Amino acid sequence: MKALEGVRILDMTHVQSGPTCTQLLAWFGADVIKVERPGVGDATRGQLRDVPDADSLYFTMLNHNKRSMTLNTKDEKGKEVFTRLIETCDVMVENFAPGALDRMGFSWERIQEINPRMIYASVKGFGPGPYSECKVYENVAQCAGGAASTTGFLDGPPLVTGAQIGDSGTGLHLALGIVTALYQREHSGRGQRVLASMQDGVLNLCRVKLRDQQRLAHGPLKEYSQFGEGIPFADATPRAGNDSGGGQPGRILKCKGWEQDANAYTYFITQAAVWEKICDVIGRPEWKEDPDFATPPARLPRLNEVFEAIEHWTMTKTKYEVMEICNPLDIPVGPILSMQELSEEPSLRETGTIVEVDHPTRGKYLTVGNPVKLSDSPSEVSRSPLLGEHTREILQDVLGYSEEEVSGLREAGAVGREDCATT
Ligand code: CAO
C-alpha cells in the first residue's frame with residue numbers, strides 16, 4: 001500500500017508549479033486525474049518539443065503517474081461532469097491565472113457546497129494584496145521573492161538561478177499544505193482552502209537573506225567578501241557571488257582543467273572545525289598559528305587571501321580528486337556537477353533519483369524520480385499520460401457514466417472526441 005492510496009486528486013494544473021505538486025502526490029500513491037482542455041491539453045505538451053508530434057520532455061517530466069481526461073469545463077455538460085468530479089475527489093489542485101475557476105462558476109464557496117470535505121489548493125503568483133491579480137512565471141517569482149536581488153556578483157546585474165524555486169519550489173510547498181490539510185480533515189471532517197504563492201515560496205527559500213537584511217542594521221556583513229575588500233555595504237542585502245555568506249565561509253574554486261571544462265570547479269567550505277587540516281592540505285601549515293589566520297574572526301577580513309591560497313591548491317587537482325582528498329578529512333567540498341555528469345551517475349540511478357522511462361510516442365528518456373524516499377511507500381515512476389488517454393475510464397469507472405452517456409458527452413464536445421475514442 002502507498003502512503004496516499006485512496007486519496008483522489010482532481011488535477012487542474014498546468015505548466016510547472018502545479019504539476020510538480022500533483023506529480024509528488026501521485027508518487028506517494030494518490031490517484032491523480034489530470035483534467036485538460038479537449039484537443040489542447042496542458043500547453044507544455046507542445047512546448048520545447050524535441051521529438052515531432054510527441055509530448056515534450058517539459059510535459060512528460062512533470063506529469064508522471066497521472067491519468068489524463070479531457071473535459072471542457074466551460075461547457076454546460078462539461079460543468080456537470082466537473083461537479084461530479086468535485087463530489088468524488090478529495091483534493092482539487094489548480095494554478096490558473098487568478099479567478100479562472102471562479103469565472104467557470106466554481107468559486108471556493110460553490111466548491112464547499114458541492115463537497116464540504118474538498119481541499120482546494122492553489123498556486124498563485126502573489127498572495128492577497130496589490131499584485132494578487134498578476135500572472136506569474138518562474139523568473140518573475142525569483143525576482144519578486146528576493147532571490148534575484150541576492151544572486152550574482154556585486155558588480156553585476158541581478159541573476160536568476162537554474163533551480164526552479166518559483167515553480168517547483170512552490171509546488172513542493174503546496175504539496176505539504178495539501179497533506180497537512182488532509183491530516184486536519186481526519187479530525188475536523190472538513191476540507192479547507194490551501195494557497196501557496198510563488199512570491200511567498202521564494203521568499204521562504206531566501207529566508208537567510210532576510211536574516212542578513214536585518215543584520216545589516218547592526219554593522220557590515222563580515223562573512224561577505226566585500227567586507228574584506230573594503231567595499232561599503234548599501235541599504236539592502238547585497239549579491240554575494242559564490243560566498244556562502246554564512247557561519248562557515250565557502251566559495252567556488254577552480255580545479256585542474258578549468259580552462260577547457262566549464263564545470264571543473266569545486267565548492268570549498270572552510271569549516272572552522274577542520275581549519276588546521278585545511279592548512280596542512282593546501283601547504284600552509286604556518287596559518288595554524290598565525291594570529292591573522294588561526295581563528296574564524298581573524299580570517300573574515302582576509303577571505304580573498306584564504307581562498308586564493310586554497311584555489312592555488314585546488315587548481316592542481318581535479319574536482320573529484322579534491323573530494324577524494326578532503327572527504328576523509330571531513331573538509332566539506334563538493335564538485336560542480338553538470339547535468340551530463342548527473343544523468344550518468346550510477347548511484348543516482350540506483351536510488352531511483354534518475355530514472356529511465358519509456359514513452360509510446362517519444363521512446364526512452366531520462367527523468368528525475370521522487371526525491372523524497374519513504375521506506376514504507378516506495379515510488380515507481382510510470383510514464384505521463386497521453387492527452388485524454390483515460391477519459392473514458394474515468395467517466396465510466398470513477399463517475400459511473402454509461403457507454404451511452406459517454407457518447408453523448410463526446411457528441412456534445414464536452415469531452416475530447418478523438419482523445420476519448422483512443423482508449
Ligand atoms: N476547459 C475549458 N477551459 C479551460 C480548461 C478546461 N479544461 N482548463 C483551463 N481552461 C481555461 C481557463 O478557464 C482559463 O480561461 P479564462 O482566461 O477565460 O478564465 C484559461 O484556460 C487558462 O488561463 P490562464 O490564464 O491560467 O493561462 P495562461 O496560459 O494565459 O497563463 C500562467 C499561464 C501560468 C501565467 C497563469 O496560469 C498563472 O499566472 N498561474 C498562476 C501562477 C503559476 O502557477 N505560475 C507558474 C506557471 S509555471 O511556470
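Predicted model: local features only at pLDDT ≥ 70, side-chain atom pairs only at ≥ 80, totals over all residues.

Start with the ligand: 23 residues surround it, and the closest are Lys74, Ala97, Lys135, Val136 and Asp167. Residues are numbered from 1 along each chain as its sequence is written, and side-chain values use heavy atoms, with hydrogens and water left out.

Now color that shell by class: you'll find 10 nonpolar, 7 polar and 6 charged residues.

Next, pick out some polar contacts (pairs of N or O atoms within 3.5 Å). Select Lys135: an N or O atom in its side chain sits 2.5 Å from a ligand oxygen. At Ala97, a polar backbone atom is 2.8 Å from an oxygen of the ligand. For Ser17, the side chain brings an N or O atom to 2.9 Å from a ligand oxygen. The ligand taken alone exposes 950 Å², and the protein buries 84% of that (accessible areas by the Shrake-Rupley method, 1.4 Å probe).

Zoom out to see the domains, whose bounds come from an automatic or database assignment. Domain 1 covers 8-205 + 344-420, and domain 2 covers 242-331. Their C-alpha centres lie 43 Å apart.

Last stop: Gly201. Is Gly201 buried or exposed? Its relative accessibility is 5%, so Gly201 counts as buried (under 20%; exposed is over 50%). Show its contacts (heavy atoms within 4.5 Å), and leaving aside residues up to four places away in sequence, Gly201 touches Thr170 and His173.

Methods. Buried < 20%, exposed > 50% of the residue type's maximum accessible area, 1.4 Å probe, protein only. Near = heavy atom within 4 Å. Polar contact = N/O pair within 3.5 Å; in protein donor to acceptor, adjacent residues only side chain to side chain. Nonpolar A, V, L, I, M, F, W, Y, C, P; charged D, E, K, R; others polar.
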